[in-house]
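Hello,

Here is the structure we talked about handing over. Please have a look, and then read on for the notes.

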Amino acid sequence: MAGFSVVLASAGIVSPGASADIVSKSATPGVGGDPSVYTLKVGLGGSAEDSTAQVFFYDKQFDSSYNITLDILVGGGPQQASGGVAQVTWYPTTTGHHYFDVWERTASGWYIHRDTIEADVDKLPKSSGPAITETSGGTMTDQGITVNGKVFHPGKSYTLSAPFPSVPAGSTAVFTNAGAEIGRAVVTNGVATLTFTPPAIGLYAIEAEYANADGTGVVFYGPFSLEVTTAPTVGGGSTGSADSIPVIGGLLKALGL
């Protein structure tokens, strides 16, 4: 944005405290006496945000070029922190090496921390586990952008909104994903609202921006990291494994870590 007069729209936005964090992580087999059913667990820091945090456990699979082919939200939604930990029971449906992308967010949706958990599955569980009921409703707000819902799938429509109280009514704001435009919205009553239908699974970096016709007076929000996942299966575990991933360094790059 060289030469632009940029305003990072931060009014009313308060980031989590520096002490908010994931401080430990584990994948422990043996739930219900079955060595193939796991507890995925993270220990959280002692901040106020940690005590009410929501944690998302994503089981991901990539092809040999590190393109994402599977993205399962274990348990069908975020797991609420309790007593300094967040955890979920995982019933694998394939053997092999599994790689979990773990996101901690505040109660309102602000990103706190991202980490990984790994597990090797030699044998499938005796039971496929209980049916999954996905989390429905709610909103998440991060970096000034609000999205309706907490669980997102390809082909479904979601509402993105961002506040632009200082721009002229009737102005147009542009929403992008990783810099590529996904739509434009007219600012009404100080808010720009866009309906977004993600075409595929994976991580989207949503941003919203307004600029005067001469390129000055830029107001910018984001990115909101929006994870679009594969529909759940029975048991809440992954429907794929990460056996095909040859180099862990490439996977870390694909995850953005």
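Below are the notes on ring contacts and backbone features.

First, the ground rules. This is a predicted model, in which local features need pLDDT of at least 70 and side-chain atom pairs count only at pLDDT 80 or more, while totals for chains, interfaces and linings use all residues. Residues are numbered from 1 along each chain as its sequence is written, and side-chain values use heavy atoms, with hydrogens and water left out.

Aromatic rings

Searching the whole structure gives 7 aromatic pairs. Here, rings of Phe, Tyr and Trp (its six-membered ring) pair if their centres lie within 6.5 Å; planes under 30 degrees apart are called stacked, over 60 edge-to-face, and the rest tilted. One of the pairs is F152 with Y158: the ring centres are 5.0 Å apart and the planes stand at 85 degrees, so this pair is edge-to-face. F152 is buried at 2% relative accessibility, and Y158 is buried at 9% (buried is under 20% relative accessible area, exposed over 50%, partly exposed in between, with a 1.4 Å probe and protein chains only).

F164 and Y221 also pair edge-to-face, with 5.4 Å from centre to centre and 85 degrees between the planes. F164 lies in the loop between strand 12 (158-163) and strand 13 (172-177), and Y221 in strand 17 (residues 218-228), so the pair ties together parts that are 57 residues apart in sequence. Strands (E, at least two residues) and helices (H or I, at least four) are DSSP runs, numbered from the N terminus. Both partners are buried: F164 has 1% relative accessibility and Y221 has 6%.

Elsewhere, Y38, W90 and F100 are joined into a cluster by ring pairs. There is also a charge over a ring, meaning that NZ of Lys or CZ of Arg is within 6 Å of the ring centre and within 35 degrees of the ring normal: the charged end of R105 sits over F224, 5.1 Å from the centre of its ring.

Backbone

P223 belongs to strand 17.

Two non-glycine residues have positive phi. Q143, with phi near 55 degrees, is in the loop between strand 10 (139-142) and strand 11 (145-148) and is partly exposed at 30% relative accessibility. N189 has a phi of about 55 degrees; its loop runs between strand 14 (180-188) and strand 15 (191-196), and N189 is exposed at 76%.

Best wishes
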